[in-house]
Amino acid sequence: MHPEMKMIKCTIVRGGTSKGVFIMKNDLPSDPDKRDAVIRAIYGSPDIRQIDGLGGADVLTSKLAIISQSTRKDADVDYTFAQVGIDTELVNYNGSCGNIASAVGAFAIDEGIVAAKDPLTMVRVHLTNSDTVLTQEVPVLDGKARVIGDYSIDGCPGTGARITLDWAAVVAQKPDCILPTKNVIDSVTVDGKNYNVTITGIGNFVIFIHASSLNMSGIESPSDIAGNNKLMILLERIRGEISVRLGMVDSPEEAARVTPYQPFVAIIAEPESYSTLNGTEVRGQDIDLTSRLVFMQKVHKTYPISAATGIGAAARIPGTIVWDILKKEIKMICVS
């Protein structure tokens with residue numbers, strides 16, 4: 001190894017529909033500036049291709065999990081999430097990632113942080129970014145997390161072992177996060193036009209807005225949305241206004257720089273048939289709603305777990321934008 005280089009142990013792990021680098025906290029410098037400099041070097045940032053690192057040149061693969069023994073008595077492992085900028089020097093800890101979190105339990109078992117118990121091991125993950133605890137059930141075989149299984153998720157090829165996430169404790173510890181503004185509907189004015197939104201805060205803050213208010217159908221492809229510069233600017237301005245309302249920034253213009261990761265913006269609409277990125281046809285009759293999501297000023301190619309939890313919560317609250325989209329029979333189930 002070259003004398004100017006330092007070896008750092010890390011593991012590249014897919015969690016849900018995202019992929020990230022997992023590093024033990026003790027293997028990183030304790031000084032925040034030095035730590036972030038090392039992280040940027042690992043990812044090859046800033047560089048739009050991240051050619052000199054492990055980032056993968058995509059917001060869904062430029063993710064980091066810092067792991068350590070838990071600092072809480074009611075948890076087994078600490079997980080700190082960072083979204084690493086691709087063409088910027090930003091290492092953003094302002095939020096969490098449910099997809100990457102889904103791999104933390106398995107990693108902790110394989111690293112010996114959590115004792116394995118066949119056939120299922122319960123792992124309590126301390127999400128340090130929000131100081132909450134997420135509970136996981138990880139299938140285990142011969143003292144290691146299982147990899148092979150028959151469970152499949154949309155957005156990933158093949159099958160694997162099923163890992164179950166329970167977000168109930170996250171909400172219990174921060175019940176105000178369900179509707180952080182206490183309103184089922186908030187109104188935002190941009191260029192003299194009002195936009196109604198619903199805001200949830202489970203996992204991450206999510207701004208739900210109906211596609212029709214944006215003159216959209218709701219089934220536009222990620223590339224169609226990303227290519228609509230006027231729309232992307234509007235969504236960022238709405239996001240900026242809400243960021244101020246949530247106390248995250250002092251002015252809307254600061255949001256893109258200070259808190260680019262969250263809040264997410266989820267465009268939501270009634271069920272309609274569409275094609276996925278890999279060409280799979282989804283029938284409108286098989287779904288309850290459609291949604292596309294924007295974060296880091298880019299369109300998410302799949303969907304964040306921490307936004308799906310927001311959809312689930314908003315679906316049970318009469319008057320939210322999500323609730324209004326649901327069919328009558330679904331609403332009856334939600335309130336029963």
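Ile67 touches Phe22, Ile23, Met24, Lys25, Val77, Asp78, Tyr79, Val104, Phe107 and Ile113, leaving out residues up to four places away in sequence; touching, or contact, means heavy atoms within 4.5 Å. This is a predicted model, where local features need pLDDT of at least 70, side-chain atom pairs count only at pLDDT 80 or more, and totals for chains, interfaces and linings use all residues. Residues are numbered from 1 along each chain as its sequence is written, and side-chain values use heavy atoms, without hydrogens and water.

Ile67 belongs to the largest nonpolar core, which has 49 residues. Phe22, Ile67 and Tyr79 have the most contacts inside it. Such a core is a set of buried Ala, Val, Leu, Ile, Met, Phe, Trp, Tyr and Cys residues joined through side-chain atoms within 4.5 Å. Buried means under 20% relative accessible area, exposed over 50%, partly exposed in between (1.4 Å probe, protein chains only). Helix α3 (residues 104-110) gives this core the most, five residues. Apart from it lies another core of 24 residues, including Leu214 and Met248.

Now to strand β4 (residues 77-84), which holds Thr80. Helices (H or I, at least four residues) and strands (E, at least two) are DSSP runs, numbered from the N terminus. Beyond four places in sequence, Thr80 contacts Leu64, Ala65, Ile66, Tyr93, Thr128 and Asn129.

The backbone comes next. Most peptide bonds are trans, and most residues other than glycine have a negative phi. A cis bond joins Asp118 and Pro119, with omega about -5°. Asp142 has a positive phi, near 55°. Asp142 is exposed, at 67% relative accessible area.
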